[in-house]
Amino acid sequence: MGKAEVLEVLNAQEMLIGELESKVSSLESRTNAAESEAKRLQSHIDSLKQEVAGTNGREKDSQTQLLQELERVEKRLHAQLDCYSELEIKLQEEIQRRAAAEEKANTVENQLEMFKEIKEKAAEAFTREIFLLKQELER
């Protein structure tokens, strides 16, 4: 092989090396860009994870507050139901007392009416007796 052929092969090899170095450089550039994008995406993922964690914490706090409010409402409801039951019992007792009082009042009214009739009859009988006694005295 001659000097010209060696120089030609060397030239071809140098051109190939240049092309390969260019490709390596391009690949390194794309790798760097991909790594930057991966870092940016990882940062975004980390940010989203933090946001999700914060949202979960707020949601848990909200649920806790809602449960506490529900417990307070349930206690108030039970207290109102107890109060309602007590009032209902008192109302029934009052209705029974009124019914008994009305019955007693009716009995007393009937007795009073009966006593009035007895009194009127007695007064009539006394009036007749006095009239008869006066008539006897006059004779």
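User: What does the secondary structure come to?
Analyst: This is a predicted model, and the secondary structure of the protein comes to one helix and zero strands. The radius of gyration is 58 Å, well over the 14 Å that the globule rule gives for 139 residues, so the protein is more spread out than a compact globule.

User: What box do the C-alpha atoms fill?
Analyst: Taken along the principal axes, the C-alpha atoms of the protein fill a box of roughly 200 × 15 × 15 Å. For a pair of residues within the chain, asparagine 32 and leucine 70 are 38 residues apart in sequence, and their C-alpha atoms are 56 Å apart in space.

User: And asparagine 32, where is that, and is it buried or partly exposed?
Analyst: Asparagine 32 has its place in helix H1, and with a relative accessible area of 45% asparagine 32 is partly exposed.

User: What share of the residues counts as buried?
Analyst: Of the 139 residues of the protein, 0% count as buried, where buried means under 20% relative accessible area. The accessible surface of the protein comes to about 13,200 Å², and 57% of that surface belongs to carbon and sulfur atoms.

User: OK, switching to charges: how many positive and negative side chains are there?
Analyst: The protein has 21 positive and 30 negative side chains, and the centres of these two sets lie 7 Å apart.

User: How many salt bridges does the structure hold?
Analyst: The structure holds four salt bridges. As background, side chains of opposite charge can pair when their charged atoms come close. One of the salt bridges joins the side chains of glutamate 37 and arginine 40, at 2.6 Å from N to O.

User: Where do glutamate 37 and arginine 40 lie?
Analyst: Both lie in helix H1, which covers residues 3-138, and glutamate 37 and arginine 40 are three residues apart there, about one turn of the helix. Glutamate 37 is partly exposed, with a relative accessible area of 34%, and arginine 40 is also partly exposed, with a value of 47%.

User: Which side chains does glutamate 94 meet in salt bridges?
Analyst: The side chain of glutamate 94 meets that of arginine 97 at 3.0 Å, N to O, and the side chain of glutamate 94 also meets that of arginine 98 at 3.4 Å, N to O.

User: New topic: which residues form the negative surface patch?
Analyst: The negative surface patch is formed by Glu113, Glu117, Glu120 and Glu124, and glutamate 120 has its place in helix H1.

User: Which residues form a nonpolar patch?
Analyst: Met114, Phe115 and Ile118 form a nonpolar patch on the surface, and together they have about 310 Å² of accessible area. Phenylalanine 115, one of these residues, has its place in helix H1.

Note on methods
Residues are numbered from 1 along each chain as its sequence is written. This is a predicted model: local features need pLDDT of at least 70, side-chain atom pairs count only at pLDDT 80 or more; totals for chains, interfaces and linings use all residues. Side-chain values use heavy atoms; hydrogens and water are left out. Helices (H or I, at least four residues) and strands (E, at least two) are DSSP runs, numbered from the N terminus. Buried means under 20% relative accessible area, exposed over 50%, partly exposed in between (1.4 Å probe, protein chains only). Patches are made of residues with over 30% relative accessible area and no salt bridge: like charges are joined within 9 Å, nonpolar side chains (Val, Leu, Ile, Met, Phe, Trp, Tyr) within 5 Å. Accessible areas come from the Shrake-Rupley method with a 1.4 Å probe; for residues, only the protein chains shown count as cover. Lys and Arg count as positive and Asp and Glu as negative; His and the chain ends are not counted. The place of a charge is taken as NZ of Lys, CZ of Arg, CG of Asp or CD of Glu. The radius of gyration is taken over C-alpha atoms; the globule rule is 2.2 Å times the number of residues to the power 0.38.
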